[in-house]
Amino acid sequence: DYMQDEAWLHGFSLLSKYNLSFDLQSWDIQLHDVCRLAQRYPAPTIIINHLGSPSSLDEQGFIDWKERILAVSKYDNIQMKISCIGAIFQT
């Protein structure tokens, strides 16, 4: 819940002062917090790592993941890094 902690948010707000971006590793279930963060702080750029890390690989999990990804796609200050695919989708 660090994206709701006021001390952490204050530190995050300083990134734009120094023209820095923020790489974020989180599970897809945390992407609603990322949307709130992006709305509250339109700068810096937030880079979501590992495709937003789907928390469930079953059919419903992918449906939920897709909805969460669509939500973050509405923010110009959010980008997604396609990384760690092999680790996420190992069977």
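## Basis of the model

Residues are numbered from 1 along each chain as its sequence is written, and side-chain values use heavy atoms, with hydrogens and water left out. Because the model is predicted, local features need pLDDT of at least 70 and side-chain atom pairs count only at pLDDT 80 or more, whereas totals for chains, interfaces and linings use all residues.

Within strand 3, Gln79 stands opposite Ile47.

## Asp28

Asp28 lies in the loop between strand 1 (22–24) and helix 2 (31–40), a helix being a DSSP run of H or I with at least four residues. Asp28 counts as buried because its relative accessibility is 0%; buried means under 20% relative accessible area and exposed over 50%, with partly exposed in between (1.4 Å probe, protein chains only).

Leaving aside residues up to four places away in sequence, Asp28 touches Gly52, Ser53, Pro54, Ser55, Gly61, Trp65 and Arg68, where contact means heavy atoms within 4.5 Å.

## Asp76

Asp76 is located in the loop between helix 3 (59–72) and strand 3 (78–80). Asp76 is exposed, because its relative accessible area is 80%. The C-alpha atoms of Asp76 and Ser16 are separated by 15 Å, and these residues are 60 residues apart along the chain.

Notes
Helices (H or I, at least four residues) and strands (E, at least two) are DSSP runs, numbered from the N terminus. Two strands pair if DSSP finds at least two bridges between them.
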